[in-house]
Amino acid sequence: VGKKVQAIYLWWHKPVIDKELLRSLPNLKVIANSGVGMDHLDLKLIASFGVKMANAPRAVSSTTADTGMALLLASARRLVEVHNISISPSMDYCEADILGIKVAGATLGIIGMGRIGYKIAVRAKAFEMNILYHNRTQRKVQEEQAIDATYCKKIDSLLQQADFVMLVVSLTPQTHKLIGKRELELMKPTATLINISRGAVVDQEALVAALQTGVIRAAALDVTSPEPLPRDHALLKLKNVIITPHLGIKTDKATYMITEEAVENILAALNGLPLPSEVLPS
């Protein structure tokens, strides 16, 4: 049926798009991805076959922002630890050992102020947080004023000031291991790293060492590299880490909206119209 296929809807990186598949589908016009990140695709290879690509940024931004804030709050108030205490047979604990971090008045540093990053800032403002952000381009003044956000041209400045650092960047060669040993050492020893982008944006070996030695307070990760981690990985043994299995977009409504957005892009491509969420190779 290869000659009949004109569109592919990718769900959770499947099917794998390689040269062999593209050659077998001579009438393929569009590939629609179920999410924002396109790092699992060779965009230049796909474009060389004359195939258009689209993602689903509108459908996932609010849900992913919710996940980021959930991780921030869970880590700050040590929800996983205290849940385990609450269901333990003895409930043997010392209150001093479960003290959390106050979120109101704390400084959130957002690295990547795109659609999702901005929605995180909106939520953080409601929690009375001070907001810093680093991005390739600065937001418009009115957008900054709406959320009381301050632009940090240098990532180092943000890392040195933030109580919580939220990673919301796409995975590219420039952002691969963006946060490594040097960057972690710039952070406050009381700071928390939250990653909702891609696991490879962080040097995980450096993160393990930083968490074990108190370079930073804690980490909350919705993404790792690989996913899932090997069951003997050091990150899984640390009490100051929360790990979730890439929950970012996983709600019933978001799943439905992603499919709607993908279908919208597919129909546009098949009818020779501009794709609402077209992604071009860089």
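Which residues in α3 meet which residues in α5?

The model is predicted, so local features need pLDDT of at least 70 and side-chain atom pairs pLDDT 80 or more, while totals for chains, interfaces and linings use all residues. Residues are numbered from 1 along each chain as its sequence is written, and side-chain values use heavy atoms, without hydrogens and water.

Select 7–10, 30–33 and 52–54. Strands are DSSP runs of E, at least two residues, and helices runs of H or I, at least four, numbered from the N terminus. Pairing takes at least two DSSP bridges between two strands. The three strands form an open, parallel sheet ordered β1-β2-β3. Its edge strands, β1 (7–10) and β3 (52–54), each pair on one side only. Neighbouring strands are turned by 15° on average, direction ignored.

Now look at β1 and β2 (residues 30–33), joined in the parallel sense by four bridges. Leu10 has Asn33 in β2 as its bridge partner.

Axes are lines fitted to C-alpha atoms, for helices over the stretch in contact, and angles run from 0 to 180 degrees between N-to-C directions.

Next, select 57–76 and 115–126. Helices α3 and α5 pack at about 45°, with axes 8 Å apart. Pro57, Arg58, Ser61, Ser62, Thr64, Ala65, Asp66 and Met69 in α3 meet Arg115, Ile116, Lys119, Ile120, Arg123 and Ala124 in α5.

Methods. Contact means heavy atoms within 4.5 Å.
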